[in-house]
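This report is meant for a reader who is meeting the structure for the first time.

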Amino acid sequence: MQMYMEAAIASGIGVLVFAGVYLVLRARSFDVILGLTLLSYATNLLIFSSGRLVVGKPPVLQPGMEATLANHTDPVPQALVLTAIVISFAMTAVVIVLAMRSRADNDSDHVDAGDVPDDREVHR
C-alpha cells in the first residue's frame, strides 16, 4: 500500500509542476499567477512527502510511547508546509495586486504589456 501512495504523490507532484510551468509560460497575468500557485502547491507536497508517508501515526509525542520514528511521523515537514502555505498566500496576494495595477496602467493583461506597441501608435 505504501508504494501506491508514494506513486500517487509523485504523480500528483509531476502533474502540478507540468501545469504550473505551462501556465507560467503563458502571456497573461492571471495564467502566470495560477501557474505560480500550482508550483507552490507542488513544492508543498514535495516538502510534505519528504517526512515519510505514513498512515495512522501521530506527529506529536504521547505518554507511554517510545519517542522514535517507528511510533511517530516526523512533524518538521508538516510545520514547514504550514509556514510555506502562509508565505505563498501572502505572495499570491502581492502578485495579484501587482497584476491588477499593471492591468489598470497598461489596459492589457499581457505580462509584457509595456513592451508591446499600442495599436493606435502602429497605425499613425
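Helices, as the word is used here, are DSSP runs of H or I that hold at least four residues, and they are numbered from the N terminus. In this predicted model, Arg 101 and Asp 105 both belong to helix H3, where they stand four residues apart, about one turn of the helix.

| Salt bridge | N to O distance |
|---|---|
| Asp 31 and Arg 26 | 3.3 Å |

Arg 101 is exposed because its relative accessible area is 55%, and the cut-off for exposed is over 50%. In the other pair, Asp 31 counts as buried, at 16% relative accessibility, whereas Arg 26 is partly exposed, at 36%.

The largest nonpolar core consists of five residues, namely Ile 13, Leu 16, Leu 23, Leu 38 and Ala 42. Helix H1 (2-24) and helix H2 (29-49) each supply at least two residues of this core, and H1 gives the most, with three residues. Leu 38, when its neighbours within four places in sequence are left aside, is in contact with Leu 16, Ala 19, Gly 20 and Leu 23. In soluble globular proteins, nonpolar side chains tend to be buried together.

On the surface, a nonpolar patch is formed by Ile 87, Met 91, Val 94 and Leu 98, which together have about 390 Å² of accessible area. Val 94 has its place in helix H3 (residues 76-106), and Val 94 counts as partly exposed because its relative accessibility is 41%.

Conventions. Residues are numbered from 1 along each chain as its sequence is written. This is a predicted model: local features need pLDDT of at least 70, side-chain atom pairs count only at pLDDT 80 or more; totals for chains, interfaces and linings use all residues. Side-chain values use heavy atoms; hydrogens and water are left out. A nonpolar core is a set of buried Ala, Val, Leu, Ile, Met, Phe, Trp, Tyr and Cys residues joined through side-chain atoms within 4.5 Å. Buried means under 20% relative accessible area, exposed over 50%, partly exposed in between (1.4 Å probe, protein chains only). Contact means heavy atoms within 4.5 Å. Patches are made of residues with over 30% relative accessible area and no salt bridge: like charges are joined within 9 Å, nonpolar side chains (Val, Leu, Ile, Met, Phe, Trp, Tyr) within 5 Å. Accessible areas come from the Shrake-Rupley method with a 1.4 Å probe; for residues, only the protein chains shown count as cover. A salt bridge is a side-chain nitrogen of Lys or Arg within 4 Å of a carboxyl oxygen of Asp or Glu.
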